[in-house]
Amino acid sequence: MRKITFPHMGNLFVIAKVLFEELGFEVVVPPYNNRIAIEIGKRLSPEFICLPFKLNMGNFIQAIEMGADTIVIFGGCGPCRFGYYGALEKEILKDLGYDIEMIVIEPLFYGLRNFLEQVSKIFARKNIASILKRVYRLAKKVDGIERKAHFLRPREMVKGSVDKIYERFRKESLQVYGVDQMERLVDTANVLLDNVYIVNEKVRKIGIVGEIYTIIDCFSSLNIEKILGEMGCEVERNLYISQWIDTHLIYPIFKRKDQIVKRYSKDVMPVLIGGHARETISYAKYFAAQKYDGILHIFPLTCMPEIIAKSVLNGIKNQIDIPIMHVVVDEIDSDVGIKTRLEAFLDLIEARSEDGERGLLFRD
Amino acid sequence: MKEGFFLGIDIGSVSTNVVLIDKNGGVIENMYLRTQGKPIEVLQKALATLYEKYGDSLRIKGVGTTGSGRHLASLVVGADIVKNEITAHAKAAIYFVPDVRTIIEIGGQDSKIILIKDRIVIDFAMNTICAAGTGSFLDRQAERLNIPIEKFGETAIKSQNPVRIAGRCAVFAESDMIHKQQLGHRCEDILFGLCLALARNYLTNLAKGKNLENPILFQGGVAANIAMKKAFEQLLGTQIIVPKFYNVMGAIGIALLAKERTKGLITKFRGFENINGCKFETKGFECHDCSNYCEVVGFYSNGSLVARWGDRCQKYSSNRNYHIENSKNL
């Protein structure tokens, strides 16, 4: 029987794990993204590749050491380098002498035949439709937990209680089997989160935009969401895993588009330049229109689409009156520098606002 | 000496600055010391010097800490306010030059640009990932050319014909400099070329897409270098102001913030004797409880644990909750 593994990306492992389990495979979940994964990835990856690639390599090697023999990843197309991740990773693993099968699922418009060929390797079983439906529902629920955590963190009475529940959920999700058990776990976490005592503190709202992997995966973004939560900010992201499934897997089938992207990208970036640049810009404009207090733009070093998005955002600064901070991430181990910048960013927001600490901060 | 004073401490990567201001915001004492990798000892020494000079007549009404070592320093002295260096620098700049619009700040490891309008910070940027073009790099190059860093500016400003040096990255800049050196260029031309390269690098990296309005302030340790000032003036085509206390602006800013924060409150300052008589220690270990492998750091004062940080799950750092939960006495 195949032992399937997949790269980490935030809470993707929760959903991917139960999906493959329902399909009847054995699943090897690599250890969470950590320093060791980066070390391995750094050693094996091309020098100027982006952070997600390095983490992927680290995950694969660690999973292979744990006994995995099949890797499933999504492919992509368009000018972003993600398009050749799968092929490149396959070659690197082959050079290292690992005998594993790599299943790269390309998006549908890359050719139906290719898609079915790759997909049939893993979906050659029973009532796929109902499994996919249940897993999709689970994905929505898991993202719901993350959203709830974002809402509760700045408001919790006992600091750290949300994280305790959240981390426990992540830990226990490795021990359950199948959609039903996982769903029960999600419900438990939901109940626990609902019972967190909250106080109505003055909460600032920050919108996070940026590159897909680095905003979904909290390790690569140095836990920015958690740090912001502790600093008293509610965080809203433009992308969650279920949304990613929506926009990249489901919408193309029905030839639909994300409404917000459609509405806000018309005048600045009408065409796709790959990666997540168009989403980044349109959601930045959306958050500004929603009267958020600030926008955080996170992307890995050398990410082409996001660099373009950064320039575009700089160019339309006069149109959208909202502070934007750009955070470039790579294999940084310490979060001290990030904390300094975030603190200064929040000070800036505070000074701008009418009711803030303005007097203390800058005026005499 | 009875009215009370405010202490501002800025612990950076290269320098540790301590200033003392009176209740009117006048700078009484300013100290600029090298951190040399021993922030706590240098801070203790600085405070001891202050104590020797003024003795018990020095009544501290408020203390603030800033810089990359601000949390450590706040644990040592008992700070009333802990703020990032960007806010502190902006505060001091606005205090001295109220209509300031742009602040160029270059320190040991960090370079920042702060844009201000109507005495409010409207935008800022700080170098990410790389520290090419900051004080440490200049320091190293001066050392390599066997010129004391204090003489760097004087030498470079004599240049008539600066050499073009690639400043995009510190490694490139250094090898480019060595090539030019081997071609036989004069030392001052290379040095001023380097200053121009660093100023260009700063303007293309940090100030990209930003409007640098007058008046422009240049502060931080590198502002001591008159050649850097000249380089910026040449590139921007405008006058640049270097404030009197350019190298301790962060410390002044945080002292001013501390003064405002402690209005009518009792300071948390631990007192000079307590700080100087104390032995501070930092010990770290790697936690193996989960696959995060966090490096947890503990801070001890006279052998007893004061604070812990570095863990992602907050098992150690939020030790209050953790200990309450795990205490058998409750």
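Predicted model: local features only at pLDDT ≥ 70, side-chain atom pairs only at ≥ 80, totals over all residues.
Axes are lines fitted to C-alpha atoms over the stretch in contact, and angles run from 0 to 180 degrees between N-to-C directions. Helices here are DSSP runs of H or I with at least four residues, strands are runs of E with at least two, and both are numbered from the N terminus.

From helix 5 of chain B, B:F152, B:T155 and B:A156 meet B:E188, B:L191, B:F192, B:L194 and B:C195 of helix 7 of chain B; contact means heavy atoms within 4.5 Å. These residues divide into six nonpolar, one polar and one charged. In this scheme Ala, Val, Leu, Ile, Met, Phe, Trp, Tyr, Cys and Pro are nonpolar, Asp, Glu, Lys and Arg are charged, and the others, Gly among them, are polar.

## A second pair in chain B

Helix 3 (residues 85-96) and helix 9 (residues 249-261) of chain B pack at an angle of about 85 degrees, with axes 7 Å apart. They are therefore roughly perpendicular to each other. The contact has ten nonpolar, four polar and two charged residues.

## Where chains A and B meet

Contacts join 42 residues of chain A to 40 residues of chain B. The buried area, which is the accessible area (1.4 Å probe) that two parts lose on being put together, summed over both, is about 3,500 Å². Carbon and sulfur atoms give 48% of that area.

Four salt bridges are counted between the chains; a salt bridge is a side-chain nitrogen of Lys or Arg within 4 Å of a carboxyl oxygen of Asp or Glu. B:K83 forms a salt bridge with A:D347, their closest N and O atoms 3.3 Å apart. On the side of chain A that touches chain B, helix 15 of chain A gives the most, with ten residues. By class, that side has 19 nonpolar, seven polar and 16 charged residues.

## Salt bridges overall

Over all chains, the search finds 38 salt bridges. One of them pairs A:K42 with A:E331 at 3.3 Å, N to O. A:K42 lies in helix 2 of chain A and A:E331 in the loop between strand 8 and helix 15 of chain A, 289 residues apart.

## Basis of the values

Residues are numbered from 1 along each chain as its sequence is written, and chains are lettered from A and ligands numbered from 1 in the order in which they are written. Local features need pLDDT of at least 70, side-chain atom pairs count only at pLDDT 80 or more, and totals for chains, interfaces and linings use all residues, while side-chain values use heavy atoms, with hydrogens and water left out.

Definitions and conventions. Parallel < 35°, antiparallel > 145°, perpendicular 65-115°, else oblique.
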